[in-house]
Amino acid sequence: MDKLSLDAAFAALSDPTRRAILARLALGETSVTELAKPFAMSLPAVSKHLKVLERAGLIARGRAAQWRPCRIEPKALKDIDDWLGNYRRFFEESLDRLDDYLKKLQAQNPGEDKKGSDNGDGS
Amino acid sequence: MATVVSLDLDKDPRSIIGMRVFDAPRDLVFAAWTDPKHLAQWWGPNGFTTTTSAFDFRPGGVWRFVMHGPDGRDYQNRVTFEEIVRPERIVYSHGGGEDVEPVQFKQTVIFEDLGGKTRLIWRGDFPSAEERDRVIKDYGAAQGLVQTMTRLAEFVEAQA
């Protein structure tokens with residue numbers, strides 16, 4: 001996923017109504033009218049949210065039927081999931097390694113504990 | 001000492017926060033972040049090695065390095081240090097420029113002295129998050145990640 005679409009996707013996901021819409025769409029495709037039902041919101045307001053989601057590639061809307069059914073785009077969600085997964089993995093595994101490395105350093109130089117490093121006293 | 005990771009979508013959808021306690025004094029943990037010789041020993045996920053070509057540890061300074069992946073691929077990286085408070089905090093931005101990987105985020109790393117132990121808190125602001133000047137106090141409050149990730153995974157599985 002390129003940077004622009006990732007930006008758009010995160011921005012789109014930042015709104016609780018839009019996340020609720022996605023949660024509803026996870027159950028299957030439906031119409032704007034159906035989507036609007038649980039929210040105290042006008043149809044145009046819901047349509048606006050749908051446009052944001054659509055632009056972010058998170059949902060798609062049918063062209064064929066008059067009622068233009070909305071459905072979720074699993075690919076975009078998968079991309080976000082992957083991106084977050086890689087990011088998390090980077091830190092978790094790096095910090096595992098850091099933990100091991102710190103143990104090694106302390107075993108080698110027990111006197112370094114107090115001194116810490118050559119980076120001064122932190123003042 | 002497991003890493004705690006959370007993503008607070010409700011409060012701040014563009015950052016991810018992690019926390020971990022190390023059984024080592026703060027100066028030592030901080031030092032491990034400030035020298036390419038140290039960084040080469042632990043930076044990157046399992047199977048990766050890191051080669052540094054430039055390292056300038058001061059605000060505005062750049063760390064230029066290549067991460068060699070287990071798949072044989074090389075990943076060009078650039079880190080620009082934005083703020084350094086020894087031995088408490090490092091803020092850097094990752095990415096930027098045509099010649100590096102197209103990933104960009106701002107990272108804040110906080111080192112808390114727990115008396116011989118050190119709590120490390122890292123917070124990543126996702127792409128194009130606005131400049132933030134926030135102190136991280138609420139790392140424990142973020143519960144959103146697990147839920148959100150579970151939801152996302154469910155979407156993906158249900159729809160794939």
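**A tour of chain B: β6 and its neighbours**

Select strand β6 of chain B together with strand β7 (residues 105–113): six bridges join the two, which run antiparallel. Strands here are DSSP runs of E with at least two residues, helices are runs of H or I with at least four residues, and both are numbered from the N terminus; two strands pair if DSSP finds at least two bridges between them. This is a predicted model, in which local features need pLDDT of at least 70, side-chain atom pairs count only at pLDDT 80 or more, and totals for chains, interfaces and linings use all residues. Residues are numbered from 1 along each chain as its sequence is written, and chains are lettered from A and ligands numbered from 1 in the order in which they are written.

Next, highlight B:H94, which stands opposite B:F105 in β7(B).

At B:V85, the bridge partner in β6(B) is B:R89.

Within β5 of chain B, select B:F81. B:F81 is partly exposed because 19 other C-beta atoms lie within 10 Å; 20 or more would count as buried and 12 or fewer as exposed, with C-beta atoms placed from the backbone. Its contacts (C-beta atoms, placed from the backbone, within 7 Å) include B:F57, B:I90 and B:Y92, leaving aside residues up to four places away in sequence.

Finally, show all of chain B, with three helices and eight strands. Of its 160 residues, 33% count as buried.

How values were computed: Two residues are in contact if their C-beta atoms, placed from the backbone, lie within 7 Å.
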